[in-house]
Amino acid sequence: MRRFTICSTGLLVLSFSGCASIDQQFGTARVWSTPADAYVATEPLGNIQAATKSDAIAVETVAFFDDEVEDELKLDADDRFDSSENESENEDRAEIAPVRIAEPEVADSDYGMTDFPSMGTEIFTAGPVYTLADIEQIALASNPAIAAASATSGKASGLWNQVGTRPNPTLGYFAQQLADRNTDQHGVFIEQEFVRGDKLKLNQAVLSHTTNAQRWEIETQRQRVLTDVRVRFYEAIAAQQQLDATRQFEEVARRGVEVAVDRQEAEEGTLIDTLQSKTLLSEITLAAERAEVAYHGAWKDLAAIAGLPDTSPARLVAELTTPDYTPDWNVAYSEIVAQSPELSVANALVCEKSALWKRQKVQMVPNITGQLGAGYDNGTDSGMINVQFSAPIPTWNKNQGNISAAYADYTRAVQNVKRIEQAIKSRLARAAQEFDASMATVKKYEQEIIPQATKSLELSEEAYRAGELDFLQVLVVRRSYYESTIRLIEAKGQLAGANAKVDGLVLTGGLDAPQDYTDGDGIRGASFGGQ
């Protein structure tokens with residue numbers, strides 16, 4: 001009796017299921033035993049539309065299979081099985097029922113299309129997280145060029161105090177007629193040089209402008225550091241987002257290879273499809289490796305500029321926003337010229353050279369040296385007092401050479417201001433070119449290319465569900481969307497960098513050595529002696 005029951009049950013199963021080998025090959029049980037939430041990978045179209053907004057870059061595609069697909073699958077199941085049986089019975093029948101591979105809905109879920117990850121997910125989440133403000137604060141506190149500029153400013157302040165001090169008096173002893181017995185004279189004297197022509201005040205006037213130039217040099221160096229940090233920050237965050245997008249699409253391509261292999265084993269695909277999907281995976285893997293190298297390089301550059309203690313990559317948080325308008329570059333140039341600390345340094349040096357020119361003109365005014373002495377004369381057995389005054393006569397040396405040289409330095413400083421103005425205009429022209437080109441690229445991608453690629457991707461998914469496109473063609477469309485997104489990220493990074501240069505008054509070179517405009521206290525030494 002037991003044998004008969006087993007045999008009859010086995011025959012019933014075989015007659016109902018058809019070919020057991022087909023069921024094993026196609027893995028039908030996965031269709032109806034998968035939880036409902038496994039069919040929905042991400043929000044299908046909302047995230048892709050977000051990529052077209054100007055306030056952020058979000059790389060989001062793939063996985064356009066939602067609850068509608070699940071409903072279609074369940075409706076298809078109801079058509080195949082008796083509607084009078086309960087849900088558990090339907091699932092039991094699906095375990096052994098043959099699958100119609102020709103139906104797109106079944107092939108879709110059967111080959112794991114709904115398992116693709118969303119391209120809006122971030123890859124790197126562990127470790128420290130930095131914002132632009134965090135890195136700027138670290139850079140300003142640890143940059144050695146800023147510290148060097150501050151030290152030079154302190155040096156200029158010390159020299160300003162030094163060049164205005166009067167010469168020290170001289171105290172001495174004198175003795176005369178020592179060879180004549182009882183006629184020798186002994187005494188002490190004090191001598192003081194009186195500086196005329198306000199040389200000491202003019203010295204301090206020169207050094208006050210030098211000190212002012214050194215203070216502006218500190219601000220110039222601060223601005224250079226901030227600009228370099230911002231430009232490299234945006235380069236690093238663009239590289240980070242490109243790496244995220246590439247890694248995510250790499251998962252899509254890897255899953256595509258699995259689907260292509262499954263379809264080939266099911267005799268629904270060809271070896272060409274498998275090879276093409278593997279080629280696509282190899283190309284995307286290479287792109288991911290290159291993107292990772294670019295990201296690590298950009299991070300190390302940023303860490304070096306900012307003086308970050310840890311050079312291992314950390315997560316950067318920021319939005320690559322698109323400016324609302326293109327600046328009027330003539331107005332931008334005027335604003336930069338009015339605010340530029342670099343130009344303020346040059347103007348302070350003009351004032352310094354002008355004051356030095358004025359100072360050299362009074363160098364020929366002779367100083368007066370006065371001496372007062374008192375002593376005792378053994379020959380007369382009485383005291384004595386000596387008074388002496390001296391001054392050089394400017395007969396041969398009237399300081400004409402130094403006056404001429406000072407005027408040449410003044411002329412050079414004036415021309416240096418014009419040079420810097422033209423240099424600012426040149427650097428602004430390059431930044432404007434980069435800004436305009438990047439802005440045009442971003443607008444073209446946001447307004448035309450990304451919406452078109454999104455629509456193409458949507459239509460390709462619909463055509464795939466209708467059986468009009470195969471899976472490999474859908475992957476090609478997704479790759480086109482991925483490449484467009486990568487280019488948009490690159491363009492937004494370049495736009496942010498160009499905008500940072502303009503905001504930074506086109507000053508770069510945060511690790512360049514700051515200028516030292518001091519020339520020691522030689523001007524004070526020239527104030528004495530009357531030469």
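This is a predicted model: local features need pLDDT of at least 70, side-chain atom pairs count only at pLDDT 80 or more; totals for chains, interfaces and linings use all residues.
Over how many bridges do strand 5 and strand 6 pair, and in which sense?

**View 1. Strand 5 and strand 6 form a hairpin.** Strand 5 (residues 368-377) pairs with strand 6 over nine bridges, in the antiparallel sense. Within this pairing, Ala-374 has Ile-385 of strand 6 as its bridge partner. Four residues lie between the two strands of the hairpin. In the turn, Asp-381 has a positive phi of about 55 degrees.

View 2. Strands of a sheet pair through backbone hydrogen bonds, in either a parallel or an antiparallel arrangement.

**View 3. Strand 3 is joined to strand 2 and to strand 5.** Strand 2 and strand 3 (residues 185-194) run antiparallel and are joined by seven bridges. Here Gly-172 stands opposite Phe-189 of strand 3. Strand 3 and strand 5 also run antiparallel, joined by ten bridges. In strand 5, Tyr-376 is the residue that stands opposite His-186.

**View 4. Helix 14 bends at Tyr-445.** Helix 14 spans residues 400-465 and has 66 residues. The distance from its first C-alpha to its last is 94 Å, close to the 98 Å expected at 1.5 Å a residue. The bend at Tyr-445 is about 45 degrees. After helix 14 comes Gly-467, which has a positive phi, near 80 degrees.

**View 5. Helix 13 packs with helix 14.** Two packed helices are described by the angle between their axes and by the distance between the axes. The axes of helix 13 (residues 341-361) and helix 14 come within 8 Å and cross at roughly 170 degrees. An angle over 145 degrees counts as roughly antiparallel, and helix 13 and helix 14 are therefore roughly antiparallel to each other. The residues of this contact comprise 15 nonpolar, five polar and six charged.

**View 6. Helix 10 packs with helix 15.** Helix 10 (residues 199-265) and helix 15 (residues 471-503) have axes 8 Å apart, at an angle of about 175 degrees. Helix 10 is therefore roughly antiparallel to helix 15. Among the residues of the contact, 14 are nonpolar, eight polar and six charged.

**View 7. Tyr-130 and Trp-299 form a tilted aromatic pair.** The structure holds seven aromatic pairs. In the pair of Tyr-130 and Trp-299, the ring centres are 6.0 Å apart and the planes stand at 35 degrees, so the pair is tilted. Tyr-130 belongs to strand 1 (residues 129-131) and Trp-299 to helix 11 (residues 271-306), so the pair ties together parts that are 169 residues apart in sequence.

Note on methods
Residues are numbered from 1 along each chain as its sequence is written. Side-chain values use heavy atoms; hydrogens and water are left out. The expected span of a helix is 1.5 Å times one less than its number of residues. The bend at a residue is the angle between axes fitted to the seven residues ending there and the seven starting there. Axes are lines fitted to C-alpha atoms, for helices over the stretch in contact, and angles run from 0 to 180 degrees between N-to-C directions. Angles under 35 degrees count as roughly parallel, over 145 as roughly antiparallel, 65 to 115 as roughly perpendicular and the rest as oblique. Ala, Val, Leu, Ile, Met, Phe, Trp, Tyr, Cys and Pro count as nonpolar, Asp, Glu, Lys and Arg as charged, and the others, Gly among them, as polar. Two strands pair if DSSP finds at least two bridges between them. Rings of Phe, Tyr and Trp (its six-membered ring) pair if their centres lie within 6.5 Å; planes under 30 degrees apart count as stacked, over 60 as edge-to-face and the rest as tilted.
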